[in-house]
Amino acid sequence: MKNLSDISVIRDVMERHGMSFSKALGQNFLINPSVCPRMADMCGADKNTGVIEIGAGVGVLTVELAKRAKKVVCVELDSRLLPVLDETLADFDNIEIINADVMKTDLHKLIEEKFSGMKVVVCANLPYYITSPIITMLLEEKLPIEAITVMIQKEAADRFCTPVGSRDSGAITVCTNYYATAKQLFQVSRGSFLPAPNVDSTVIRLDIRPEPAVKVSDEKKFFQMVRGAFSQRRKTAVNSISSAMGIPKAEIIEALHKSDLSETVRAEKLTMDDLARLFENLFE
Ligand code: SAM
């Protein structure tokens with residue numbers, strides 16, 4: 001089997017298939033041989049597991065997943081990679097490539113059709129131009145998956161994994177913590193990729209909670225309020241929510257008082273419980 005983290009192997013297979021890297025599709029392929037085995041070991045895949053991968057590249061992570069899992073289904077957008085993957089994944093009979101945009105793929109159907117009776121996890125080195133939309137979609141779709149292990153830009157990982165109510169938290173932190181517990185697994189330097197990006201990376205793991213972290217009466221509206229609260233970071237929560245949702249400030253101040261919160265509080269100081277209480281008092 002070819003060493004898919006070897007630069008000359010990657011260049012050779014791509015050249016033979018007339019392929020070049022697409023910056024627009026976030027194609028930075030892993031060339032550090034220790035990263036994919038570590039990710040595959042830590043994502044929760046075993047012989048009873050189906051793994052969804054997003055973006056195969058030349059298949060360097062895909063083969064490590066296939067060695068450990070019962071089945072790997074990879075959604076890859078770039079059709080130019082299909083003949084490349086036919087060649088690089090030829091030794092495996094438990095890998096299926098779906099040529100599609102993951103954002104337009106019905107993952108509920110995919111899981112039902114491909115992973116019947118298996119526990120399911122997601123593992124991927126994500127294209128960085130679309131990291132937050134992909135993770136938000138995976139969480140909000142409430143897929144029957146146990147965990148999401150992904151490599152993302154370091155700064156994004158800090159934002160995803162910081163506690164809600166801490167200085168660096170944002171709407172995406174609240175969304176992640178609502179659906180999952182998040183932790184950083186390990187750092188990956190920019191030199192681990194071909195071509196090298198301008199940023200360092202972090203592998204994070206999100207373990208899906210059996211129940212959301214807090215109970216709210218209307219999830220969609222709750223996240224509208226959360227996004228509003230974080231929309232203008234230098235303003236108070238009152239001002240941000242008021243201008244984002246068109247609600248009079250007096251109503252929000254009253255709801256803050258009822259929730260035992262200061263009317264000058266900023267969104268990043270609010271914990272998950274604070275946000276849930278504020279929401280229920282504002283829209284009761
Ligand atoms: N897994 C490979 C690796 O680690 O070397 C490739 C990772 S590369 C950072 C991201 C991959 O995602 C590329 O192969 C790219 O073509 C693919 N991709 C980009 N946008 C996508 C989308 N919307 N849906 C599915 N795959 C996508």
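Buried here means under 20% relative accessible area, with exposed over 50% and partly exposed in between (1.4 Å probe, protein chains only). This is a predicted model, so local features need pLDDT of at least 70 and side-chain atom pairs count only at pLDDT 80 or more, while totals for chains, interfaces and linings use all residues. Numbering starts from 1 along each chain as its sequence is written, and side-chain values use heavy atoms, with hydrogens and water left out.

Start by selecting residues 219–229, helix H9; helices (H or I, at least four residues) and strands (E, at least two) are DSSP runs numbered from the N terminus. Phe222, Phe223, Met225, Val226, Gly228 and Ala229 are its buried residues. Their cover includes H8 (171–179), H10 (237–245) and H12 (272–283).

Now click Phe222. Beyond its neighbours within four places in sequence, Phe222 is in contact (heavy atoms within 4.5 Å) with Val174, Tyr178, Val216, Leu275, Ala276 and Phe279.

Next, colour by domain: the assignment, automatic or from a database, gives domain 1 (7–208) and domain 2 (219–282). Their centres, over C-alpha atoms, are 34 Å apart.

What joins Glu219 to Lys142? Show both side chains: they form a salt bridge (a Lys or Arg side-chain nitrogen within 4 Å of an Asp or Glu carboxyl oxygen), with the closest N and O atoms 2.7 Å apart.
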